[in-house]
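This report is written for a reader who meets the structure for the first time.

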Protein chains: 2
Amino acid sequence: MGPEELSLLPVAVDVVVFTVAPASNGRKPRLLALLVKVKEGPFAGRWAFPGGRVSSAETLDEAARRELSSQTGLARVFLEQLYTFGDPARDPGGRVVSVAYFALVPAAPALRTAARYAEAAWFPVRSLPPLAYDHDRIARVALRRLRAKLGYSNVAWSLLPPEFTLGDLERLYEAILGRPLDRRNFRKKALALGQLRPLGRVRRGPHRPGALYAFASRRPRLSPVI
Amino acid sequence: MGPEELSLLPVAVDVVVFTVAPASNGRKPRLLALLVKVKEGPFAGRWAFPGGRVSSAETLDEAARRELSSQTGLARVFLEQLYTFGDPARDPGGRVVSVAYFALVPAAPALRTAARYAEAAWFPVRSLPPLAYDHDRIARVALRRLRAKLGYSNVAWSLLPPEFTLGDLERLYEAILGRPLDRRNFRKKALALGQLRPLGRVRRGPHRPGALYAFASRRPRLSPVI
DNA sequence: ACAAAAGTGTTTCTACTACACCCATGT
DNA sequence: ACATGGGTGTAGTAGAAACACTTTTGT
């Protein structure tokens, strides 16, 4: 056995956090991703997904949550492992094996700006700035996964606040899929799944009020959805 | 930053190789997985999926192919990354982050028994022996993925020889899904997908000859299939 | 009044399911 | 002749897609 057999590698996690910007002053809601500014190394100054090294006593999931929380203050997100990127050349500053995650949070929470947090901001997924490392690739994989999961799971739940109208839900799907959906068909399917609980209240606004709903079960499910 | 921030970890790959045992003397074809005997450590003597440490200059895919080839002689397999297991306690001999792969090879090739190869054997997936480490978990994830991929990709291609009958294809699906399929419906769908090229020849045997087919494109595709 | 979102049914088409009999060959 | 796998069509059902107008509210 050569010395390579015993090689130890830095292992990192990178987290792609998606959210949806609520519709505002006439603009449709948009899918956003969270980026932080790289502080050091060859890519200093560029944007990248939050992440960092896995320490020796934690699981990968724990590392992802810890890094996300420490860099951006976000916690209690929906988190799922995405893919592991291990190309020796993916980080010119030295080989790092990175386990990528994707995460969902409801309604673009305001980011903490305290000094303890990294410089972070939400960017529209349609127009991300140039990213550090191989994070373009990670972004593509994450978006593909999110869209695919819309079709066979209820992950969309994790992007909505506790109460929402059917219009909110539909616009969410449209923002992620990047195409319009038929309102009547969408409502039929959404209601037929039996996962929505009508709250008996309405949301008022400068137009006809919409009935408010909540998800019957808060936990992610794998039943086919929409 | 504490010292954990700089921790280096052993990174390994583990490969779940599936194949299908051809039907023989009246028994239906069965889905098999390849196991090797663990030589050292707390699990010495138990069976595990082939794999090993990733060395410093290779990609993860390369490491998977190298380990598979060096331990079992198998090459040119269909290979796809599955999931990364990083629980600190998954290997009682010391923490190892393992990137699991799943691989498909046609028609259970005879395994090399030369001294340079590990002791390896094919086992029916239905009745695997007790496995080392957390490889039971890896096995479940791999089987779930294989079954899911049958539904929306043409991975089955990689499990069949260059020529086959529709009966072969159907029995392959039945072996993986673990349930019988309707022959007429299966043939309709398989042919309707336009991925099969009739070879104009038949396979003879102690019964009516079956028309031979080949896959129109050798490359894996993601078009919905069966 | 008007702007803006909510709400509602029917028809068409497609895809999936269930189901049973005859055919060609080797032994 | 018989055992074995190969080959074929139809009817019923369920789900997806296309499609336009009326309602309710705030301003």
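In this predicted model, a polar side-chain atom of Arg208(A) lies 3.4 Å from a base nitrogen of DNA strand C. The elements that give two or more residues to the surface near DNA strand C are helix H3 (166-177), H4 and E10 of chain A, together with H4, strand E9 (196-205) and E10 of chain B. Among these elements, E10(A) gives the most to that surface, with five residues.

Altogether 23 residues surround DNA strand C, and the closest of them are Arg183(A), Lys188(A), Ala211(A), Gly205(B) and Arg208(B). By class, the residues of this surface divide into four nonpolar, seven polar and 12 charged. Of the atoms of DNA strand C within 4 Å of the protein, 42% belong to sugar or phosphate, while the rest belong to bases.

DNA strand D can be described in the same terms. There are 24 residues around DNA strand D, of which Arg208(A), Arg183(B), Arg187(B), His207(B) and Arg208(B) come nearest. Sugar or phosphate accounts for 39% of the atoms of DNA strand D within 4 Å of the protein, and bases account for the rest. The surface near DNA strand D has five nonpolar, seven polar and 12 charged residues.

| Protein atom | Atom of DNA strand D | Distance |
|---|---|---|
| Asp182(A), polar side-chain atom | base nitrogen | 3.2 Å |
| Arg204(A), polar side-chain atom | sugar or linking oxygen | 3.4 Å |
| Ala211(B), polar backbone atom | phosphate oxygen | 2.9 Å |

The elements that give two or more residues to the surface near DNA strand D are helix H4 (183-192), strand E9 (196-205) and strand E10 (207-215) of chain A, together with helix H3 (166-177), helix H4 (183-192) and strand E10 (207-215) of chain B. The largest share of this surface, five residues, comes from E10(B).

The two protein chains also meet each other. In this interface, 28 residues of chain A are in contact with 27 residues of chain B, and the area buried between chain A and chain B is about 2300 Å², of which carbon and sulfur atoms give 53%. Leu8(A), Arg53(A) and Gln81(A) supply 21% of the area that chain A buries against chain B, which is more than any other three residues supply.

Turning to the fold, chain A has four helices and 10 strands, and from the N terminus on its elements run β-β-β-β-α-β-β-β-α-β-α-α-β-β. Of the 226 residues in chain A, 50% are buried. Among the contacts in chain A with a separation of 6 or more, 64% join residues 24 or more positions apart.

The largest nonpolar core has 46 residues, and those with the most contacts inside it are Val17(A) and Val17(B). Strand E1 (8-21), strand E2 (30-37), helix H1 (60-72) and strand E6 (97-104) of chain A, together with strand E1 (8-21), strand E2 (30-37), helix H1 (60-72) and strand E6 (97-104) of chain B, are the elements that give two or more residues to this core. Not counting residues up to four places away in sequence, Val17(A) touches Leu32(A), Ala33(A), Leu34(A), Leu68(A), Leu74(A), Ala103(A), Val105(A) and Trp122(A). In soluble globular proteins, nonpolar side chains tend to be buried together.

Some loop residues deserve a separate look. Asn154(A) lies in the loop between helix H2 (135-152) and strand E8 (164-165) of chain A, and it counts as buried because its relative accessibility is 1%. The C-alpha atoms of Asn154(A) and Leu34(A), which are 120 residues apart along the chain, are separated by 22 Å.

In chain B, Arg76(B) is found in the loop between H1 and strand E5 (78-85), where its phi is near 60 degrees, a positive value in a residue other than glycine. Arg76(B) is exposed, because its relative accessible area is 83%. Tyr133(B), found in the loop between strand E7 (120-124) and helix H2 (135-152) of chain B, has a phi near 50 degrees, which is also a positive value in a residue other than glycine. At 24% relative accessibility, Tyr133(B) counts as partly exposed.

How values were computed. Residues numbered from 1 in each chain as written. Chains lettered and ligands numbered in written order. Predicted model: local features only at pLDDT ≥ 70, side-chain atom pairs only at ≥ 80, totals over all residues. Heavy atoms only, no water. Core = buried A, V, L, I, M, F, W, Y, C linked by side-chain atoms within 4.5 Å. Buried < 20%, exposed > 50% of the residue type's maximum accessible area, 1.4 Å probe, protein only. Contact = heavy atoms within 4.5 Å. Near = heavy atom within 4 Å. Polar contact = N/O pair within 3.5 Å; in protein donor to acceptor, adjacent residues only side chain to side chain. Nonpolar A, V, L, I, M, F, W, Y, C, P; charged D, E, K, R; others polar. Buried area = accessible area lost by both parts, 1.4 Å probe.
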